[in-house]
Amino acid sequence: MKRPTVLVLGAGYGGLSTVVNLQKLVGTDEADIILINKNDYHYESTWLHEASAGTLSPDQVRYDIKDVINKGKVQFVKATVEGIDVNSKKVATSAGEYTYDYLVIGLGFEGETFGITGLDKYALSIANVNAARQIRDHIEYQFATWSTEETRDDARLTIVVGGAGFSGIEFLGELGNRIPELCAEYDVPKEKVRVVCVEAAPMVLPGFDPELVEYAVRQLEAKGIEFSIGTPVVEATPEGVKIKKGEEEFEFIKAGTVVWAAGVRGNRLIETSGIENMRARVKVEKDMRAPGFPDVFIVGDCALMINEAINRPYPPTAQIAMQQAVTVAQNIVALMKGENTKEFVPELKGTVCSLGEHDAIGDVMGRKLTGTKASIMKKVIDNRALYMIGGVPLMIKKGKFKL
């Protein structure tokens, strides 16, 4: 009898965790597990804000996929997914076409520009390891260039960060630590540097406890970060961004660096796959399957799940993606055995938002944390994610132990 083929697309938190859990549950001869990813490494997307600011090496953010998969059970293919057709059960990639018995789509997120003119051309996005390296190098270039120019343009030293959500705030926290180091390295007066956070919504960190948000804003402002809240970006140009401050009032902020961290969407391949979706996210069934396709599972950023207690989607976090992966792996094995699948039930242990290496805010198991305690908890969470995928060796190799 032919072994079933389990095809997993993407080696982010959801996809890679699915493979790691699957390889523990199936024997060598029970299934052909194929993992397809465009890079031969996984990167910790929750650490990208550090690599972007230059407070963490991009190499520390990633690790080789081969180090965490069982090569006797899993075939890894380095390729770019080019098309998905769930009706014909075919996946087109740069390495050829693949068919499957069970498909797991974990292709991650893409930045959402909301149609704002010029944003896709003139703003940088914290999208992946290479994009993080580009942001770091671009900021350093602006400082270096300012320090060597005969006629100095202070706008080079202005950094606009679009978005006061989780990613934006964590990036601002790292920038607050990094700017003094750059000033010392390139002989730039600190008062010449301007960092502005622009947010269309009327609040910072929506969904967070207001007391914790107030602490975060206060800490960041103490590092020199400016906030412009309720002022949407309406246009980006090579010189900076135009923001709307009132019904007929606009302001142009000249800036050498614009970083966009104000929204994500699912991978565009979802939109042409034949699966019903909203902004490339699929409202999955309770067992993580795509509606109408009992052999297709969706994990991570591409999956949309409603928290019925508040009637809002669960946030697409690494914590939830890794929990989804456990259920998906178990459900695939159940289907292979002709058994019933089980419902995915998130276990939300809390959320911690970093404000720099030694500062953070968090709501963990119903407890509010700030400062060093929250920062230590953030590192514990990061290390635990490494342990869950690669065990003690990966945690020791890549973990955060400097408290």
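Trainee: In what order do the strands of the open sheet of 5 strands lie?

Mentor: This is a predicted model, in which local features need pLDDT of at least 70, side-chain atom pairs count only at pLDDT 80 or more, and totals for chains, interfaces and linings use all residues. Residues are numbered from 1 along each chain as its sequence is written, and side-chain values use heavy atoms, with hydrogens and water left out. Strands (E, at least two residues) and helices (H or I, at least four) are DSSP runs numbered from the N terminus, and two strands pair if DSSP finds at least two bridges between them. With parallel pairing, the open sheet has the order 11-18-12-13-14.

Trainee: Which strands are the edge strands?

Mentor: An edge strand here pairs on one side only.

Trainee: Which residue in strand 18 is the bridge partner of Gly 162?

Mentor: Strand 12 (residues 158-162) and strand 18 (residues 257-260) run parallel and are joined by 4 bridges. In strand 18, the partner of Gly 162 is Trp 260.

Trainee: At about what angle does helix 6 run to strand 12?

Mentor: Axes are lines fitted to C-alpha atoms, for helices over the stretch in contact (heavy atoms within 4.5 Å), and angles run from 0 to 180 degrees between N-to-C directions. Helix 6 (residues 166-186) lies across strands 12, 13, 14 and 18. Its angle to strand 12 is about 160°.

Trainee: Is Gln 23 buried or exposed?

Mentor: Gln 23 sits in helix 1 (residues 13-25), and, not counting residues up to four places away in sequence, touches Ile 33, Val 68, Ile 69, Asn 70, Lys 73 and Val 74. Buried means under 20% relative accessible area, exposed over 50%, and partly exposed in between (1.4 Å probe, protein chains only). Because its relative accessible area is 10%, Gln 23 counts as buried.

Trainee: How many residues apart are Arg 279 and Glu 112?

Mentor: Their side chains meet in a salt bridge at 3.2 Å, N to O, the term meaning a side-chain nitrogen of Lys or Arg within 4 Å of a carboxyl oxygen of Asp or Glu. Arg 279 lies in the loop between strand 19 (264-266) and strand 20 (282-283), whereas Glu 112 lies in the loop between strand 10 (109-111) and helix 4 (119-122), so that the pair links distant parts of the chain, 167 residues apart.

Trainee: How many salt bridges does the structure hold?

Mentor: One of them joins Arg 156 and Glu 149 at 2.8 Å, N to O. The structure's total is 26.
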